[in-house]
Amino acid sequence: MNYRYSDYSIEQLHREIGQLKEKAQKAEQLGNISEVQVNERKMQVALAYTLNPDDFAADEIYQLKMEPGFTFKINYINGVFAWGHRINLLDELYEEEEALPISLLGKKVKK
């Protein structure tokens, strides 16, 4: 039976994250890169549900955990997803708006 992560308890989320990590490691050993990426993405979404969306604010800029040098400016929060724009090392704001699980956001950047 499939449940949505929003229905999971914190313990269930941590168990799911552990299982997804194992699946990703096995897929990596088998050289199945796309399966690794799928499991890592699911892991990030599950991890986002263990965080408090209220800890993230619109118009603030955060480091991106998986992409050193890139930051992310939040336009708004919807559930456990931050909608906004990436900013590169040259401080250029990407035109395309995207949604990222809040688990991918690191420390807030001082303005």
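Visitor: Is Glu67 buried, partly exposed or exposed?
Guide: Happy to start there, with a note that this is a predicted model, in which local features need pLDDT of at least 70, side-chain atom pairs count only at pLDDT 80 or more, and totals for chains, interfaces and linings use all residues. Residues are numbered from 1 along each chain as its sequence is written, and side-chain values use heavy atoms, leaving out hydrogens and water. Buried means under 20% relative accessible area, exposed over 50%, and partly exposed in between (1.4 Å probe, protein chains only). Glu67 has a relative accessibility of 29%, so the residue counts as partly exposed.

Visitor: Which residue does Glu67 meet in a salt bridge at 2.3 Å?
Guide: A salt bridge here is a side-chain nitrogen of Lys or Arg within 4 Å of a carboxyl oxygen of Asp or Glu. The side chain of Glu67 meets its partner at 2.3 Å, N to O, and that partner is Arg86.

Visitor: How many residues apart in sequence are the parts that Arg86 and Glu67 tie together?
Guide: Helices (H or I, at least four residues) and strands (E, at least two) are DSSP runs, numbered from the N terminus. Arg86 lies in strand β3, residues 81-87, while Glu67 sits in the loop between β1 and β2, so the parts they tie together are separated in sequence by 19 residues.

Visitor: Is Arg86 itself buried or exposed?
Guide: The relative accessibility of Arg86 is 14%. With the cut-off for buried at under 20%, Arg86 counts as buried.

Visitor: Where does Asp59 lie, given its salt bridge with Lys73?
Guide: The structure holds three salt bridges, and one of them joins the side chains of Lys73 and Asp59 at 3.6 Å, N to O. Lys73 lies in strand β2 (71-78), and the pair ties together parts 14 residues apart in sequence, since Asp59 is in the loop between α2 (33-48) and β1 (61-64).

Visitor: What is the relative accessible area of Leu13?
Guide: Leu13 has its place in helix α1, residues 10-29. Leu13 is buried, and its relative accessible area is 1%.
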